[in-house]
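Colleague: Before I use this model, I would like to go through the labels attached to it. Please set each value against its cut-off.

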Amino acid sequence: MQELIARLVSRARGALFDDGGGQREDLLVAALRQSPPGATRFLKSFVPLSSFLCAVDCALCAAYLCSAQGHLGGLAAACKIWALVHLSLQGVQLPARAALIVSLRRP
């Protein structure tokens with residue numbers, strides 16, 4: 001069992017860290033280094049879409065929280081808590097996403 005755990009830890013280390021012990025580069029950073037125009041094009045198309053979907057997600061969670069009448073039985077409280085936490089986490093990201101969209105549109 002200890003040998004199995006040691007192998008799993010070794011594989012995890014290899015996946016997360018490079019040979020020098022430092023953390024591996026994020027894929028987006030690597031893409032920016034290899035092709036800045038292509039990565040910028042990707043961000044200009046992906047960030048607005050992702051921001052729009054984030055706003056839709058927030059609206060749907062808010063609508064659920066406003067309309068939930070407890071028809072789910074014992075799961076109603078858990079679903080409301082999940083929706084509230086999810087709404088909060090998505091809502092906190094919206095200003096940062098908007099700032100990124102504005103900064104990407106600048107020449």
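Modeller: Accessible areas come from the Shrake-Rupley method with a 1.4 Å probe, and for residues only the protein chains shown count as cover. By that method the protein chain exposes about 8,400 Å², with carbon and sulfur atoms supplying 66% of it. This is a predicted model, in which local features need pLDDT of at least 70 and side-chain atom pairs count only at pLDDT 80 or more, while totals for chains, interfaces and linings use all residues. Residues are numbered from 1 along each chain as its sequence is written, and side-chain values use heavy atoms, with hydrogens and water left out.

Colleague: How many helices and strands does the protein chain have?

Modeller: There are four helices and zero strands, in the order α-α-α-α along the sequence. Both kinds of element are DSSP runs numbered from the N terminus: helices are H or I with at least four residues, strands are E with at least two.

Colleague: Why is Ser 51 called buried?

Modeller: Buried means under 20% relative accessible area, exposed over 50%, and partly exposed in between (1.4 Å probe, protein chains only). Ser 51 has 9% relative accessibility, so Ser 51 counts as buried. Of the 107 residues of the protein chain, 14% fall in that class.

Colleague: Which residues does Ser 51 touch?

Modeller: Ser 51 lies in helix α3. Leaving aside residues up to four places away in sequence, Ser 51 touches Leu 94, Arg 97 and Ile 101. A contact here means heavy atoms within 4.5 Å. For the protein chain, 49% of the contacts with a separation of 6 or more are between residues 24 or more positions apart.

Colleague: What makes the aromatic pair stacked?

Modeller: Rings of Phe, Tyr and Trp (its six-membered ring) pair if their centres lie within 6.5 Å; planes under 30 degrees apart count as stacked, over 60 as edge-to-face and the rest as tilted. The structure holds one such pair. The ring centres of Phe 42 and Phe 46 are 5.4 Å apart and the planes are at 10 degrees, so the pair is stacked. Phe 42 and Phe 46 both belong to helix α3 (residues 36–67), four residues apart, about one turn of the helix.

Colleague: Are Phe 42 and Phe 46 buried or exposed, or what lies in between?

Modeller: Phe 42 is partly exposed because its relative accessibility is 42%. Phe 46 is also at 42%, and therefore partly exposed.

Colleague: What makes Ile 81 exposed?

Modeller: The relative accessible area of Ile 81 is 55%, so Ile 81 is exposed. Ile 81 sits in helix α4 (residues 76–105).

Colleague: Why is Ser 103 called partly exposed?

Modeller: The relative accessible area of Ser 103 is 36%, so the label is partly exposed. Ser 103 is placed in helix α4. The C-alpha atoms of Ser 103 and Lys 44 are separated by 10.0 Å, and the two residues are 59 apart along the chain.
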